[in-house]
Amino acid sequence: MKVKALFLLFLFVPVHFSLPFLIYYGNKIPEHQLYKYEDLVIDPDQYQKVWEFPNRTYAYISMGEVEKYRSYYQLLLKKGILNDINPVWPDARYVSLKDDTWKNYLLETVIPNVLQKGYKGIFLDTLDSLLESKQPREAILDLINSIKKRFPGLKLMANRGLSLLKDLDVDSVLLESTISHYDFKTKKHSLAEDYQANV
């Protein structure tokens, strides 16, 4: 019996990203249009599988509050760790760090689910909410730094929380709303005062 040998040649072509960075929380952009960004922050509930994405994908996770539409909102509400409603985002409640319930749920459920979807990093949003809701500083640092301890290869990008940064084990920092901000009363974007004077 003759056996035919089949040789497969894999060509590794370097990816050239045309744009450096995008944060997108929706789900209307087709996946292939997201490939052009070198670093990409998207909602893991909107884009379920990113294993084949060529770029560095960060999963959006809110650290300091939980929105009503998240699958685990009711569970955490029953556990008694969701406190006051955020007046700016009325569909979200501040998280309490009175015990390790939120930390353990992040480490054992939320982040492993994100990793199973192929994400390479986590975008740590609403760090300011932990400060605004007067959570203990040490508990906040323990919450964030425990992620790197459990998942040392995971890229972590912190959004603001500037007073915490010197003690946080993260790879990068995003400074959101430095040039413009959104007014929830008028429902319009406007330049920050420091920039209006120079326009």
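Strands β5 and β6 (residues 92-95) pair in the antiparallel sense over 2 bridges. Here, two strands pair if DSSP finds at least two bridges between them. Strands (E, at least two residues) and helices (H or I, at least four) are DSSP runs, numbered from the N terminus. One of the residues involved is L82, whose bridge partner in β6 is V95. Strands of a sheet pair through backbone hydrogen bonds, either parallel or antiparallel.

## What you're looking at

This is a predicted model, in which local features need pLDDT of at least 70 and side-chain atom pairs count only at pLDDT 80 or more, while totals for chains, interfaces and linings use all residues. Residues are numbered from 1 along each chain as its sequence is written, and side-chain values use heavy atoms, with hydrogens and water left out.

The chain has 6 helices and 11 strands. Of its 199 residues, 39% are buried; buried means under 20% relative accessible area, exposed over 50%, and partly exposed in between (1.4 Å probe, protein chains only). If you take the contacts with a separation of 6 or more, 51% of them are between residues 24 or more positions apart. A contact means heavy atoms within 4.5 Å.

## Strand β7 and its neighbours

Let's move to β7 (121-125). On one side of the story is β3, which pairs with β7 in the parallel sense over 5 bridges; S62 has D125 as its bridge partner in β7. Then there's β8 (residues 155-159), joined to β7 by 4 bridges and also running parallel. In that pairing, G121 has K155 as its bridge partner.

How covered is β7? 5 of its 5 residues are buried. G121, F123 and D125 point one way, I122 and L124 the other way, and all are buried. In a regular strand the side chains alternate between the two faces of the sheet.

## Two residues with positive phi

T126 isn't a glycine, yet it has a positive phi of about 55°. You'll find T126 in the loop between β7 and α4 (127-132), and it is buried, with a relative accessible area of 12%.

K134 isn't a glycine either, and its phi is positive too, at about 60°. This residue is in the loop between α4 and α5 (137-150). K134 counts as exposed, at 71% relative accessibility.

## The second largest pocket

The second largest pocket has a volume of about 180 Å³. It is lined by 16 residues, with D45, S71, Y72, V110 and V114 nearest its centre. Both β3 (56-62) and α3 (101-116) supply at least two lining residues, and α3 gives the most, with 5.

How is a pocket found? On a 1 Å grid over the protein atoms alone, a pocket is an open set of points where a 1.4 Å probe fits, with protein on both sides within 12 Å along at least five of seven lines; lining residues have an atom within 4 Å of a point. Grid points are joined across faces, edges and corners, and the volume is the space filled by probe spheres set on the points.
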